[in-house]
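Biologist: I have not looked at this structure before. Please take me through some of the terms used for it.

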Amino acid sequence: MTTHSSSANSAVPEAGGGLPVLQYWAEKTLSPQGVQIWKTLNHKSACLSCAWGTGGQKGGFVNEDGEILQRCMKSVEAIAAELMPPAGFHDRYTLAELQQLSSMECDRLGRLHLPLVRRAGGDRYEPISWDEAIALTADAFRDKPPERIASYSSGRSSNEAAFLLQLMIRALGSNNLADCSDLCHAPSTVGLKQMVGTGTSMVSLESLKQADCVVLIGSNAPANHPRLMNELIQLRDRGGTVIVVNPTVEVGLVKFASPAYPIKSMLSGGSDISSLYLQPIPGSDVALFVGIQKALIEQDQVKRDFLHTHAEHWEAVVEQAQSTDWETIIRTCGIARPEIEQAARMIAAASGVVFAWAMGVTQQANGVDNIWSIANTALLSGNVGKPGAGTMPIRGHSNVQGFGSMGVSARLQDPLREALEALLQKPLRREAGYDTRALIEAADAGAIETLLCLGGNLYAANPDHTQAQRAIAQVDTVVYLATKPNLGHFHGLGRQTTLLLPVFNRFENPHKTTAESGNNFVRLNDTGTTHLRDADLMAEVDFLAAIAHRIHGTHPIDWRQLTDTRYVRQLIARTISGYGKIGDIDDTLAEFTIGGRIFTQPSFGTSSGKAQMFTTPLPHLTLPSAAELGAPDHGLVLALGTGRSYSQHNTVVYRDGDKYRGMAHRHCILMNPDDVAQGGWQAGDRVTVRGNAGQLEHVEIVYGDIRPGAAMMFYPEVNAIFAAPIDARCGTPAFKRVPVAVF
Ligand SMILES: Nc1nc2c(c(=O)[nH]1)N[C@H]1C(S)=C(S)[C@@H](COP(=O)(O)OP(=O)(O)OC[C@H]3O[C@@H](n4cnc5c(=O)[nH]c(N)nc54)[C@H](O)[C@@H]3O)O[C@H]1N2
Ligand SMILES: Nc1nc2c(c(=O)[nH]1)N[C@H]1C(S)=C(S)[C@@H](COP(=O)(O)OP(=O)(O)OC[C@H]3O[C@@H](n4cnc5c(=O)[nH]c(N)nc54)[C@H](O)[C@@H]3O)O[C@H]1N2
Ligand code: SF4
Ligand SMILES: [Mo]
């Protein structure tokens, strides 16, 4: 599996990126919407889509290093979706009809443009005034037991809205601030915080440009962080190496044709990306990284002097790798010893290695161990605390990291608690609140009365849609603030009142706002206007401040004043560590890197200044029998990875199918040809896929370059059929190792 074998599926192109990307650009930017799309691309605000971060004060196409031409097709897709006409569904369709729509059909209804309400027992959404919507929301929060109120949020809103949300919920005495990051990078945040004192990437873009090896683990960056691919192309050009760890061969991780390099990359049929491609058994990454550590020890490449001075408990980590036998390692991860040794040699030979990862390792029942095993490998090889090296979680939503920085988390850290207590002049609750999974469980038990969702799709992002729907249906009042209609708005209805309230997106917001990229860079978004005529939208901060003012009045702060986002930024500067420079960003227009996050010296944010290391038990990976899944005995049991197609953003599907995986539509399962043969099928056959909470029928088999025993399907549709275990340390569900029976 060292080198990529040509795919068994002839529909898969030779490289990621390439012509389809340009075709899509042309199709969108030359369409009737085109002028508006170009205008928006040039608007001084951060890209809506992923957290790699592009745009801001230097212009829509500029990254934080000042390089231009850094806007990818995904940003066009996201903008085009926001520029749709108003969605006039409330007077045309009943909820029963709206519940028949697919994710793509929901999104194509258009933009939400009027505040809507669905009252108890009603068969449709109907218009409501903002005054009444605000009064209903404030009443639903006022005088409620703090443990019975909650929020859920998604990472596209601004830092200012995020700060206000958590301030309001905490002022009410609650820590129930569930966030999409609970389903996403929570293991990275929890794991890294304990190790180095900060939960985000320690590598800046500038530092990444000095690396000569990148280990890319569980990431499909060609689809989800396309501009990261330019960094990998440049790294290969300067003689560096890329080690990919992924059970699936993603074509764009083998070769990627980047429009940023028309001659050397586009016309040459694509640039080489992976130097070594390792395909572990799903969920086994800890074993692979312990194996790499063992090989580093045997090759005498462990940086013991560095560890003596800059790390604690490293001896236990070395001891674990030494005492774990090769046979166990190889059996657990399914990768041959020579390949593990080769990876170790490549890491040891590099002068700077960046270890970057995404959902393949966080969405596992041992997600935190995965992060520790990767970071242990970085530390043992001396690849932290110097330029060109370090650990880099590749973050998801464009401002999900900002939400974490602003304190939107069920776990309130002591320094922030103290700062907020000083601001609010009262003690705050210390016990952790409900994270996303705990929120669903609590709601399912009837323990939540009021829920405010700042964006996102709580219903469809969660596993087990039957449970998610049942849980939300027990909440008295559910308030959705959103830009576009989605599955959750039609399936996630509250018991009494459901409000669906339209807000301005980032590039049309009447207030200046800020957002934080995954590389810890804070961007300032200019004000804008909406293309929607006669629409009745509200800015998120205006809504949240209005609610807070109705509940808390002017004590101890004048909550109405928080509609002034400049004032909110001053509060952020006073309370959020590393964010001091935001206080005068309105005057300086100086976007900045957050203090205390990037480590180019081996002095960490822990109390001793040293990195704390943790041993990582190897997982015992088993699968249930077909019968245990309620399937016929002859069912073939596989470990299913659930994730994104090329043409979707999380629960929102933009287009059918996935060109780069040779999947013509979404109702497919990607399987290894040997597994297909073992089941007695062939490509194109229709099968039933059964999880522990339901089944999908007539699913088409597609041949994939995926490890035998593993398979892949798209969320959110597949979330209907399984309930997932979580890593209890961070609450993140094991979306990437879902046992299913195929028959
Ligand atoms: N266009 C677009 N961009 C996006 C998003 C989007 O939906 N669309 N979503 C945003 C968000 S919120 C996020 S979190 C990111 C998600 O970005 P990614 O994490 O890249 O997305 P996923 O589709 O979840 O797939 C991750 C990869 O993990 C691999 N994998 C599965 N199981 C394992 C395993 O056991 N071990 C290893 N090593 N790998 C495994 C899969 O094969 C897949 O290639 O992207 C962000 N950017
Ligand atoms: N099986 C499976 N499930 C998964 C995952 C997986 O890989 N596999 N990935 C998980 C991950 S990583 C994540 S992050 C979650 C994503 O979960 P969420 O973040 O909850 O879902 P999204 O689909 O990103 O939410 C999209 C909606 O956000 C709203 N929106 C967009 N922009 C704005 C804005 O500016 N303001 C407001 N108020 N609303 C806005 C729109 O209404 C849009 O429909 O899904 C998780 N679920
Ligand atoms: S890589 Fe991410 S932030 Fe950059 S343009 Fe593409 S979607 Fe936007
Ligand atoms: Mo995510």
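Predicted model: local features only at pLDDT ≥ 70, side-chain atom pairs only at ≥ 80, totals over all residues.

Biologist: Why is α6 called oblique to α27?

Modeller: The axes of α6, residues 130-141, and α27, residues 540-552, cross at roughly 55°. Angles under 35 degrees count as roughly parallel and 65 to 115 as roughly perpendicular, so α6 is oblique to α27. The crossing is right-handed, and the axes come within 9 Å.

Biologist: Which residues of α6 and α27 meet?

Modeller: From α6, W130, D131, I134, A135, T137, A138 and F141 take part, and from α27, F543, A546, I547, R550 and I551.

Biologist: What makes two residues in the contact of α6 with α27 charged?

Modeller: Asp and Arg count as charged, so D131 in α6 and R550 in α27 belong to that class. The contact also has nine nonpolar residues and one polar residue.

Biologist: How do you know that E250 makes a polar contact with ligand 1?

Modeller: A polar side-chain atom of E250 is 2.6 Å from an oxygen atom of ligand 1. The cut-off for a pair of N or O atoms is 3.5 Å, so the pair counts. A polar backbone atom of M359 lies 2.9 Å from an oxygen atom of ligand 1, and for the side chain of Q364 the distance is 3.0 Å.

Biologist: How many residues surround ligand 2?

Modeller: Ligand 2 has 33 residues around it, with Y152, K484, E540, T651 and N719 the closest. An N or O atom in the side chain of Y152 lies 2.6 Å from an oxygen atom of ligand 2.

Conventions:
Residues numbered from 1 in each chain as written. Chains lettered and ligands numbered in written order. Heavy atoms only, no water. Axes fitted to C-alpha atoms, helices over the stretch in contact; angles between N-to-C directions. Helix = DSSP H or I, 4+ residues; strand = E, 2+ residues; numbered from the N terminus. Parallel < 35°, antiparallel > 145°, perpendicular 65-115°, else oblique. Left-handed = near helix turned anticlockwise from the far one by under 90°. Contact = heavy atoms within 4.5 Å. Polar contact = N/O pair within 3.5 Å; in protein donor to acceptor, adjacent residues only side chain to side chain. Near = heavy atom within 4 Å.
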